[in-house]
Amino acid sequence: MLEFIEPQFATNFLNVEVKVFDKHLHILLNEHYPFLAFASFVDFENVKYIAEPELLKQFSPFYKVLSIEGLNEPLYIKESTGKINLENDNELNSAELEQIAYWKPKSVRETIYNFWD
């Protein structure tokens with residue numbers, strides 16, 4: 001482990017920077033849900049997600065490890081009478097849905113790992 005970064009003022013995820021399998025990468029964990037992803041680069045609003053099959057096997061029993069395809073899935077949002085309805089499979093509460101309505105993320109990744117919380 002090279003660095004452990006707890007969620008800061010504007011982020012909603014933990015960022016663990018590691019060197020494993022002779023690779024330098026980041027393990028991202030959502031602060032509120034057991035969603036985990038891997039990235040080669042993390043900077044304010046710029047994250048390069050990567051697939052790590054060996055780490056996926058190691059973490060899958062404990063977390064929902066998100067694929068790049070899943071992270072890139074567009075959000076399907078419908079607004080009606082001031083309320084937002086997220087048609088993607090989700091367990092979000094009303095406060096989180098209000099954040100989505102306000103920030104208008106376009107993809108699952110922008111919702112799970114964001115810099116606006």
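Select L29 and show its contacts, meaning heavy atoms within 4.5 Å. Leaving aside neighbours within four places in sequence, L29 touches N12, F13, L14, P34, F35, L36, Y63 and Y113. This is a predicted model, where local features need pLDDT of at least 70, side-chain atom pairs count only at pLDDT 80 or more, and totals for chains, interfaces and linings use all residues. Residues are numbered from 1 along each chain as its sequence is written, and side-chain values use heavy atoms, with hydrogens and water left out.

Next, select residues 23-30. This is strand β3, which holds L29. Strands (E, at least two residues) and helices (H or I, at least four) are DSSP runs, numbered from the N terminus. Six of the eight residues of β3 are buried, so the rest of the structure largely encloses this strand. Buried means under 20% relative accessible area, exposed over 50%, and partly exposed in between (1.4 Å probe, protein chains only).

Move to residues 13-20, strand β2. β2 pairs with β3 in the antiparallel sense, over eight bridges. Two strands pair if DSSP finds at least two bridges between them. Pick E17: H26 in β3 stands opposite. Then go to the hairpin of β2 and β3. Two residues lie between the strands, and F21 takes a positive phi near 55°.

Last stop: residues 35-43, strand β4. β4 and β3 pair in the antiparallel sense over four bridges. A hairpin of four residues joins β3 to β4.
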